[in-house]
Amino acid sequence: MNRFAGWLLVGLALGGAGSCGESSGPVAGVLTVSLTTPNAGADGAILFSVSGPQALTSVTAGPGLRVFSQPLSTSTRFAVTGTLTNGAVVTIGVADTRNAAQYAATVQAVAAPAFQLRPLTGYSLTVSP
């Protein structure tokens with residue numbers, strides 16, 4: 001093998017190594033919005049918003065829940081009804097899951113099953129992959 005052929009093989013091997021592994025493009029997928037409530041099993045509805053760097057692409061209610069939303073955008077309000085417990089309330093579709101830390105959910109109101117509004121102390125939402 002001549003020197004040129006040897007260097008060509010080394011160059012191809014190194015060039016190929018750079019293409020293996022993580023893609024540089026967006027990674028579409030879903031994130032989970034989870035609720036922490038001081039009244040697990042005793043809440044009947046929650047109103048909250050989710051904001052992030054790109055418009056949401058989908059929303060799905062957690063098991064046993066119903067979700068209602070505005071048109072999906074970079075800041076979208078949701079109402080979820082049903083028996084709320086600690087855990088997932090919705091999953092949201094995003095264009096790039098690598099930006100998960102840039103999505104935030106904010107509780108705006110919570111109601112008991114008989115429609116009484118609850119104080120928001122002790123309620124929180126997290127967004128995670």
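Two strands pair if DSSP finds at least two bridges between them. Keep that in mind as you browse these close-ups of a predicted model.

**View 1. Strand β2 pairs with strand β5.** Eight bridges join β2 to β5, which spans residues 75-84. The two strands run antiparallel. To find your place, look for F48, which stands opposite F78 in β5.

**View 2. Strand β2 also pairs with β7.** Here the pairing is again antiparallel, and seven bridges make it up. Which residue of β7 is the bridge partner of L47? The partner is A109.

**View 3. A salt bridge links R118 and D43.** The closest N and O atoms of this pair are 2.7 Å apart. Which parts of the chain does the pair link? R118 lies in the loop between β7 (104-111) and β8 (124-128), whereas D43 belongs to strand β2 (residues 43-51). Is D43 buried or exposed? D43 has a relative accessible area of 1%, so this residue is buried. R118 counts as partly exposed because its relative accessibility is 24%, which falls between the 20% and 50% cut-offs.

**View 4. D96 and R98 form a salt bridge.** In this pair, the closest N and O atoms are 3.1 Å apart. D96 counts as buried because its relative accessibility is 8%, and buried means under 20%. R98, at 41% relative accessibility, counts as partly exposed.

Notes. Residues numbered from 1 in each chain as written. Predicted model: local features only at pLDDT ≥ 70, side-chain atom pairs only at ≥ 80, totals over all residues. Heavy atoms only, no water. Salt bridge = Lys/Arg side-chain N within 4 Å of Asp/Glu carboxyl O. Helix = DSSP H or I, 4+ residues; strand = E, 2+ residues; numbered from the N terminus. Buried < 20%, exposed > 50% of the residue type's maximum accessible area, 1.4 Å probe, protein only.
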